[in-house]
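Please take a moment with the sequence and the model below before reading on.

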Amino acid sequence: SQRTQVVCALLLSLAAETGALSIGTTACMVIRLHRIPMTFPLQKLLMCAFAAHGRRQLDWDSRKNGALISAVVKWRQKYFKEVERDLDDAASGMSDLNIGSGDELAEGDEDDEEQAFDDDGEVI
């Protein structure tokens, strides 16, 4: 009886890990055949097996239908629209600051010769 309990626990653990319902069903048949009481830890492993099977099935269904790819494409489109909107907001903020284009000349004559400076900043 101890061996069958260990085998059932191993089968249910394997079913919970892989999500294979056939292994979980086999464990339930062994439990019923040997009239082993269904304890809470065994029930928990059986529920974990069903949950793992559901997750695995959902993953394969989403891959098969292309739902994952379409979700990534939609996310990228939304992301780039937000980035473009942020750039437009930043550009309009810059134009509101009245920043010059840099074409204006500094005070002084244009005809002055360029001066050379030494390391101390004095005119040579």
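Predicted model: local features only at pLDDT ≥ 70, side-chain atom pairs only at ≥ 80, totals over all residues.

**From one contact to the whole chain**

Leaving aside residues up to four places away in sequence, Thr 4 touches His 34 and Ile 36. Thr 4 is found in helix 1, which covers residues 2-18, whereas His 34 has its place in the loop between helix 2 and helix 3. Is Thr 4 buried or exposed? Its relative accessibility is 18%, and because buried means under 20%, Thr 4 counts as buried. His 34, which Thr 4 touches, has a relative accessibility of 43% and therefore counts as partly exposed.

Arg 35 counts as exposed, because its relative accessibility is 76% and the cut-off for exposed is over 50%.

Moving on to helix 4, which comprises residues 67-96, one finds Tyr 79. Together with Trp 75 and Phe 80, Tyr 79 forms a nonpolar patch on the surface, and the accessible area of the three together is about 370 Å². Tyr 79 itself has a relative accessibility of 40%, so it counts as partly exposed.

Helix 4 also contains Glu 82, which belongs to a patch of another kind: Glu 82, Glu 84, Asp 86, Asp 88 and Asp 89 gather on the surface in a patch of negative charge. At a relative accessibility of 33%, Glu 82 counts as partly exposed, since that class lies between the limits of 20% and 50%.

With these places in mind, the chain can be viewed as a whole. How many helices and strands does the chain have? There are four helices and zero strands, and from the N terminus on the elements run α-α-α-α. Of the 124 residues in the chain, 12% count as buried, and Thr 4, described above, is a residue that counts as buried. The accessible surface of the chain comes to about 10800 Å², and 56% of this belongs to carbon and sulfur atoms. Finally, among the contacts in the chain with a separation of 6 or more, 47% are accounted for by residues 24 or more positions apart.

Key: Residues numbered from 1 in each chain as written. Heavy atoms only, no water. Buried < 20%, exposed > 50% of the residue type's maximum accessible area, 1.4 Å probe, protein only. Helix = DSSP H or I, 4+ residues; strand = E, 2+ residues; numbered from the N terminus. Contact = heavy atoms within 4.5 Å. Areas by Shrake-Rupley, 256 points an atom, 1.4 Å probe, with all protein chains shown as cover. Patch = residues over 30% accessible without salt bridge, like charges linked within 9 Å, V, L, I, M, F, W, Y side chains within 5 Å. Salt bridge = Lys/Arg side-chain N within 4 Å of Asp/Glu carboxyl O. Lys, Arg positive; Asp, Glu negative; His and termini not counted. Charge placed at Lys NZ, Arg CZ, Asp CG, Glu CD.
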